Amino acid sequence: MITPTQPMQTIALVDANHGRGHHLTYMRFFCKTLLELGYRTIAFYPDPDSVRDWLMPRCPQYFQNLHVFEISEYDHCRAPLIGKIPSNLQPLVVLARWRYTTSIIQRAVDQVGFEPDLVFFNWLDNYFSYFLTNHLVDTIFPYKWSGIYFRPGDLRFKKRALIPHYAIARSPRCQALTLLDEEFAQAIEDKLDFPVIPFPDLADETEPDLELDVIRQIKEKAGSRKIIGLIGSLSKRKGLLTFLKVAQESLDKDWFFVLAGPLVKSTFHQEYDQRLADEYEKVQSILNSPPSNCFFYLKSIPDGAQFNSFINAFDILFAAYENFPYSSNILTKAAVFRKPVIVSEGFCMAKRVQRFQFGVAIPEGNVDECIRAIQLLYDSSVTGTCPLMFDFDGYKQLHSTERLGQIFKSMLDAPEMRKTLTISLS
């Protein structure tokens, strides 16, 4: 158990994104970590019960220090004092979002009777905008704040702007900026002249449900074949078509391919782009007539025991995402369950996999190279020899709740300590 801090301070966690990828997992684990550290915690999430119900059996001794309130995604169509806002006027939308969040927090403060010492935004990107500095935000939002900046496109895509996307972080109320991609932490810190902290990409490590019926079906159909799995929200960027083509061209191999998760048809935008429409038709055609070496489970899979049951059943994880230069906690899942992974070359995920040597990076969308990567990992599992070191433990430790606790504590330390803060993921 983590030693509680005294006197008790209050941290507010804000995330208005509901049911998307990691959002619920992060909110739950952030709350749990803060409560165990001895902080009073106020959480704002679209589905409060999903946070409360998960936390109650896991930290009942701290439950009196938890307050969870509902927050909805901000409707950009209308804003207080401004009225109807065109969607292309992003700075006005962002300003209105800051004002909206202030009002939600202040209503909660009136109810619980204390103010947050720090507001932490679990998804900070929606609170940033080009052409917007901190000065107006400082008049709207009265609390010290921090958060995770998931997609720092300025540096990733070498964009140049007179006022960068993250300029609001120059606010004197911003205690630190955190990034999942450690590569750009130092570059942004040099521009902002205050802490930019590499943040662990957490994952739910709940024990898998070994009795899950669908897992029994998969293992029954796979037989002795090695299982290659793609799991999660099945959007175009997940490399869905590449995965299916690999399966079609591997019918003579001792491999079995599993797609698990809901198909996100909207990501193909077929009504606007004929090429994407054709891709979607190819995907749908394969899904309608599965090859003999495939199993498709196209339903939403809640994180935790069910999701981890699939990960645990796979022998190799396919995560060769396309046009996705960011972090993904599927790598943390891979490390937790000790599964080798295939990723796309050139970006954050590839650098991590190469550094910790628990998988292979391939050229994006390259079917032949993907087949070679699977063969390498398959051969290594059969022969027990492989040039990779498979440092799953090293990666898992670097993206753990222990690191999370260190970071939250540092952001509430004395200002002179924050100025010299160094937390590295290198």
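These legends describe close-up views of pockets, cavities and helix contacts in a predicted model.

**View 1. The second largest pocket and its lining.**
H1 supplies the largest share, four residues. By class, the lining of the second largest pocket holds seven charged, six polar and five nonpolar residues.

**View 2. The contact of H1 with H15.**
The axes of H1 and H15 are 10 Å apart, and the packing angle is about 65 degrees. H1 passes H15 in a right-handed crossing. On the H1 side, the contact is made by Phe29, Phe30, Thr33, Leu34 and Leu37. H15 brings Thr401, Leu404, Gly405, Phe408 and Lys409. Sorted by class, the contact of H1 with H15 has six nonpolar, three polar and one charged residues.

**View 3. The largest cavity.**
The structure holds one cavity of 30 Å³ or more. The volume of the largest cavity is about 30 Å³. Around the largest cavity sit Ala319, Tyr321, Phe324, Val343, Ser344, Phe347 and Met349. Six residues of this lining are nonpolar, one is polar and none is charged.

**View 4. The contact of H8 with H9.**
Helix H8 spans residues 240-248, and helix H9 spans residues 274-288. They pack at an angle of about 45 degrees, with axes 10 Å apart. H8 is therefore oblique to H9. The crossing of H8 and H9 is left-handed. From H8, the contact takes in Leu240, Leu241, Leu244 and Gln248. From H9 come Glu279, Lys282, Val283 and Ile286. The contact of H8 with H9 divides by class into five nonpolar, one polar and two charged residues.

**View 5. The contact of H7 with H10.**
Helix H7 covers residues 213-222, and helix H10 covers residues 305-313. Their axes lie 10 Å apart at an angle of about 15 degrees. That angle makes H7 roughly parallel to H10, because angles under 35 degrees count as roughly parallel. H7 and H10 form a right-handed crossing. Val214, Ile215, Ile218 and Lys219 of H7 meet Ser309, Phe310 and Ala313 of H10. By class, this contact of H7 with H10 has five nonpolar, one polar and one charged residues.

Terms used:
Residues numbered from 1 in each chain as written. Predicted model: local features only at pLDDT ≥ 70, side-chain atom pairs only at ≥ 80, totals over all residues. Heavy atoms only, no water. 1 Å grid on protein atoms, 1.4 Å probe; cavity = no way out; pocket = protein on both sides within 12 Å on 5 of 7 lines; lining within 4 Å. Helix = DSSP H or I, 4+ residues; strand = E, 2+ residues; numbered from the N terminus. Nonpolar A, V, L, I, M, F, W, Y, C, P; charged D, E, K, R; others polar. Points joined across faces, edges and corners; volume = space filled by probe spheres on them. Axes fitted to C-alpha atoms, helices over the stretch in contact; angles between N-to-C directions. Parallel < 35°, antiparallel > 145°, perpendicular 65-115°, else oblique. Left-handed = near helix turned anticlockwise from the far one by under 90°. Contact = heavy atoms within 4.5 Å.
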